[in-house]
Amino acid sequence: MARKYQITEELYNYAVEHSLKEPYITVELRDETFATERAARMVSSPEQMQFISMLLKMLKPKKSIEIGVFTGYSTLWMAMALPDDAKIIACEYNGRYEPFARKYWQKAGVEHKIDLRIAKAHD
């Protein structure tokens with residue numbers, strides 16, 4: 001039987017306040033996404049991305065894949081965590097967000113790690 005653990009909002013806020021270290025460039029991308037995109041709720045949370053980033057730094061994979069890029073927030077976090085010679089194949093169905101995402105990838109100096117493919121992921 002699965003258990004569901006809940007924490008209070010006060011405890012959650014304390015944990016985030018004392019453990020989250022979000023890079024400025026990802027804050028900037030996230031803030032612009034929330035200011036301009038109606039579907040901004042699709043952006044991963046910074047605490048989730050910090051955890052994934054930590055795993056990537058430990059594992060040091062050379063290849064990864066992301067299905068669903070939206071404005072590039074999680075792709076940016078991952079690219080910054082991966083070794084310089086690693087590649088992310090990033091699959092996004094909607095090409096409308098490509099300029100948005102590329103702006104931040106370039107700004108962070110990680111665009112060379114990202115192979116963005118505008119197509120359905122199964123293709």
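**Salt bridges in a predicted model**

Good morning. I begin with three residues: E98, R102 and E111 are joined to one another in a network of salt bridges. Please keep in mind that the structure before you is a predicted model. In total, the structure contains eight salt bridges, and I shall now discuss several individual pairs.

Let us turn to E28 and K107. Their side chains form a salt bridge, with an N to O distance of 2.3 Å. Where do E28 and K107 lie? E28 belongs to helix α2, which covers residues 24-36, while K107 belongs to helix α5, which covers residues 98-108; the pair therefore ties together parts that are 79 residues apart in sequence. As for accessibility, E28 is partly exposed, at 21% relative accessibility. K107, with a relative accessible area of 51%, counts as exposed.

Next, I consider R30 and E22, whose side chains also meet in a salt bridge, at 2.5 Å from N to O. Is E22 buried or exposed? E22 has a relative accessibility of 18%. Because buried means under 20% relative accessible area, E22 is classed as buried.

R117 is partly exposed, its relative accessible area being 41%. D115 is likewise partly exposed, with a value of 30%.

To close, I return to the picture as a whole: the model has eight salt bridges, among them the one between E28 in helix α2 and K107 in helix α5. Thank you for your attention.

Note on methods
Residues numbered from 1 in each chain as written. Predicted model: local features only at pLDDT ≥ 70, side-chain atom pairs only at ≥ 80, totals over all residues. Heavy atoms only, no water. Salt bridge = Lys/Arg side-chain N within 4 Å of Asp/Glu carboxyl O. Buried < 20%, exposed > 50% of the residue type's maximum accessible area, 1.4 Å probe, protein only. Helix = DSSP H or I, 4+ residues; strand = E, 2+ residues; numbered from the N terminus.
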